[in-house]
Amino acid sequence: MEVDPSAPPCPYSQSFSQSKRDIEPLSLSRRAKSTWIGARGFDRWTLLVVGVALLLALPVFAVFFTALQPAGDVWRHLVDTVLADYVLNSVALMLGVGLGTLIIGAPTAWLTAICEFPGRRWFEWALLLPMAIPAYIIAYTYTGLLDFAGPVQTLLRETFGWSRQDYAFPEIRSLPGAVLMLALVLYPYVYLLARAAFLEQSAAVLEVSRSLGAGPWRRFLAVTLPLARPALIAGMSLVQMEALADYGAVQYFGISTFTTGIFRVWFGMNDPTAAAQLAALLLLFVFTLLVLERLSRRQARFHHTGQRTQRPLRLQLTGRWQWLATGTCLLPLLFGFLIPAGQLAVWTWRTAPKVIDDRFLELTSHSLLLASGSALLILLLALLLGYGQRLQPRPMVQLAVRGAGLGYAAPGAVLAIGVMLPFAAIDRTVDGWAREWLGLSTGLLLSGTLFAMLFAYCTQFLPVALHSVEAGLTRIRPSMDDAARTLGAKPRQVLWRVHIPILRSSLLTALLMVFVDVLKELPATLILRPFNFNTLAVRAYELASDERLADSASFALAIVLAGIGPVILLSRAISRARSGYDPLS
Amino acid sequence: MSLFNSSKSRTLLSVLCSLLMGLLAIPALAGGEVNIYSARKEDLIKPLLDDFSKQTGITINLVTGKEAELLQRLQSEGINTPADLLLTSDAGRLAAARQAGVLQTIHSAALEKHIPSAYRDPEGYWYGLSVRARPIIYAKDRVKPGELSTYENLAASDWKGKICVRSSDSIYNQSLVAGMIAHHGEAKTEAWAKGLVANFARSPKGGDRDQIKAVAAGECDLTLANTYYLGGMVTSSDQTEQAAAAQVAVFWPNATTTGVHVNISGAGVTAHAKNRDNAVKLLEFLTDDKAQRWYADVNNEYPVNPAIPPSATLKAWGEFKADTLNVAKLGELNAEAVKLMDRAGWK
């Protein structure tokens, strides 16, 4: 039966749908049918994924809900004065940091994944270290070093007898300075995801291109890089969201961005509604970008034919190339970690006896427990959503998952308020009910508990894990799933027995990124934490915001040190997972 | 694959769970308790609170945070809030808390005796605990005190390219401008702000200490900064900070007119406080002799209690006439001030 697509729709919908099915390609209709027959599994996954996604999007909904109320005359004022600045600076920051992290992250990832050169094994994990330094801390340390009153410029003036007018020195506290600072501590996200992608790339593809006569550059540009695109994009979009949401560093540098504007309107003009509207705009903007990115690669597929084939042949670099490679990897490490951490160490040396007391261990254990617990929890959620989306790639599911991932682009404090409002509403409702029917008060069940904090971390950092898990999943051919299903495995079993073993390095990557992120997390912890509960990040912030940078160094350094252990362990595990050595098999 | 079923992960999870349970179980306390939401940093309040606990046997539970966020938390928790006392480092936020209806009136003869009326709410919703002054700080080698007179004078073109001030995001600058609006009205203040911005040596960045360092290094000749930052630099373990502090001096402006701009740190008892009496006890303790001296000695703030003499460091900077405007006004005019600074191009 033929159907003319231009003909008006048939009034009898049943016969129309019947006829439509008839003209569909055989494989498609069979596929649709088979999932329909397995309706129970399919429905359960859809429900579960959409349910979890909606729950995690609760804070974002709360922000939009607040934004729906009418605001005062603040908008008129913003449009007349500062809004254009906010938008321009935010966009420039986002693009600059995205580009910067790509330039640093992709080549270093490729070099350490594919090549062999002096120090390669060491760089593999060391390149991750800048990740452990909070953005505002690196901003403070470089300002201390490069400011007009800092040691570098003072030395220049003393050496050459210059005064202020005699020389030009680039101002670190500027938009380019902020881009540089953020790129230096955020590039590890791109590096990690790109490296996992390079490592998981089938050696066969590279061997084919090599046998076809492509040189190393050509292979990198024409094969490796395009194949790693989902991972690179995932890394960059994480980085860009984090740059958009950054408050500490840009505020210290005196740059007005959308995020500083939100706080200015909220705190300074005392208008939470207008602040929520600004935040909602920011989130809509990010959501649009994410959807566009998804659409742009709709047609492309990035699966690999083989998984973990033989031990890869590393490209042995020689002569000046090997030193160039070493230098390329050393630079980001030097500026992103050694210099700022060195400055922190100098400060710590001087102030530690004064600021470190018996509470130090407690702070450290709070930080470590929160970070490891939420990292595991978030990884599980990411796996659930990522795999659910793979099983059922319907628009509704995809939209729900995108929506759940929005939180990362919201400034932490806005998100925390988004957690606080619905939780308080639940508490009030339960309490009101208990008072009326039971004659007793249940008080605050959720507000001000560790649970509220964990929930905030989940909404905030889910995208970090999700990007890694998704990027990994796209590289697994759907035929793997089909094969496992044909052999009688349930979707759950496919995930457990096929995907997770293949994805090990992506999962470890996700775990590591979330761990370090939670370790550094400040705004949500600050707003939501229970009485008498502090973390290293809270302590570092309190001292730094009191302009006692040297005193805060001990705690900032402790965050860095706490992050280094897992970084090394996981980096080793990732390498092992790749090299075909599996202790369990 | 060993990621999820390893015994390590399980141990970790169980430790986390027990931590959760431990925190949920609030211990019963013999001497009673006071729960505080504090925008004052832990270091600047905890030692006093510990003292109070030792003296009275009352346990104190503390959460620190930023003013607006703590206020939001207080509001959303409503009648079930555990907080008895809201501590802030700025009068404007206390006024906002009063407006939001989360504070209650307190009448205490001791508090009224200890605290001058300009530093507390007229109806007793909140009380000041320490005074923070924002004078002019100038480079001793380049500026003669005779050239300085008032805040208003800083907009004169003689100071072109010579002034560093931090961003208008800072609550201290917002309060200063709010005070100017209270004295001179909006139009005059806006003209003044424009003049001041035209005299900036650089686009605003960094904190108060950074401005003082820039003055010492010669990037500009003077700045506006809270005195306790300068005090912190004098006693800093960082020798470059000490050296910078030695190159600058304090000038108390507006001695013959409105007086030096001052703000307070203060506190109010929450509307739904479960431990009201203990909270009042704590307030009285914080305005009494010992605590007031501590503010001055440790953080170089001025005692709110006029019976207490300021510390040696503070005395060395000289005496000054403080603005007598009730600090509640600063809170009322804060939003106006922020918008005005946007219009004046004060970043």
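1. Let's start with confidence in chain A. The average pLDDT of chain A is 82, and 87% of its residues score at least 70. Among the elements of this chain, helix α6 (residues 83-114) has the highest mean pLDDT, 93, while helix α1 (residues 13-23) has the lowest, 37.

2. Two stretches of chain A call for some care. Over residues 1-41 of chain A the pLDDT stays under 50, and the model has 13 contacts there beyond four places in sequence. Residues 580-585 of chain A also stay under 50, with five contacts beyond four places in sequence. Where pLDDT is low, the predicted coordinates should not be read in detail.

3. You will find 27 helices and two strands in chain A. The chain has 585 residues, of which 51% count as buried. Take the contacts in chain A between residues at least 6 apart in sequence: 84% of these join residues at least 24 apart.

4. Two asparagines in chain A deserve a look for their backbone angles. A:Asn270 is not a glycine, yet its phi is positive, at about 55 degrees. This residue sits in the loop between α15 and α16 (272-296) of chain A. Is A:Asn270 buried or exposed? A:Asn270 is buried, because 23 other C-beta atoms lie within 10 Å and 20 or more are enough to count as buried.

5. With 13 other C-beta atoms within 10 Å, A:Asn532 is partly exposed.

6. Now to chain B, whose domain assignment gives two domains. Domain 1 of chain B covers 29-132 + 262-311, and domain 2 of chain B covers 134-261 + 323-344. Taken over C-alpha atoms, the centres of domain 1 and domain 2 of chain B are 27 Å apart. Their contact involves 18 residues from domain 1 of chain B and 18 residues from domain 2 of chain B.

7. Which elements give two or more residues to the side of domain 1 of chain B that touches domain 2 of chain B? They are α4, β4 (127-133) and β9 of chain B. The largest share of that side, six residues, is from α4(B). Sorted by class, the side of domain 1 of chain B that touches domain 2 of chain B holds eight nonpolar, five polar and five charged residues.

8. Chain B has an open sheet of six strands with mixed pairing, in the order β2-β1-β3-β9-β4-β10. Why is one side of β2 (59-64) and of β10 (302-303) of chain B left without a neighbour in the sheet? Both strands stand at the edges and each has a single partner strand, so one side of each has no neighbour there.

9. Within that sheet, β1 (residues 33-38) and β3 (residues 85-88) of chain B pair in the parallel sense over three bridges. B:Tyr37 has B:Leu86, in β3(B), as its bridge partner. Helix α4 (residues 91-99) of chain B lies across β3 and β9 (262-269) of chain B, and runs at about 35 degrees to β9(B).

10. There is also an open sheet of four strands in chain B, ordered β6-β7-β5-β8, again with mixed pairing. Its edges are β6 (163-164) and β8 (248-251) of chain B; each has a single partner strand, so one side of each is left without a neighbour in the sheet. Strands β5 (residues 136-139) and β7 (residues 222-224) of chain B pair in the antiparallel sense over three bridges. Opposite B:Tyr138 stands B:Leu222, in β7(B).

11. Finally, the place where the chains meet. The contact takes 58 residues from chain A and 60 residues from chain B. Several helices of chain A each supply at least two residues of the side that touches chain B, among them α17 (319-355), α18 (360-391) and α24 (504-520). The largest share of this side of chain A, eight residues, comes from α20(A). By class, the side of chain A that touches chain B divides into 27 nonpolar, 17 polar and 14 charged residues.

How values were computed
Residues numbered from 1 in each chain as written. Chains lettered and ligands numbered in written order. Predicted model: local features only at pLDDT ≥ 70, side-chain atom pairs only at ≥ 80, totals over all residues. Pairing = 2+ DSSP bridges. Contact = placed C-beta atoms within 7 Å. Axes fitted to C-alpha atoms, helices over the stretch in contact; angles between N-to-C directions. pLDDT = per-residue confidence, 0-100. Buried ≥ 20, exposed ≤ 12 C-beta atoms within 10 Å, placed from the backbone. Domains from an automatic or database assignment. Nonpolar A, V, L, I, M, F, W, Y, C, P; charged D, E, K, R; others polar.
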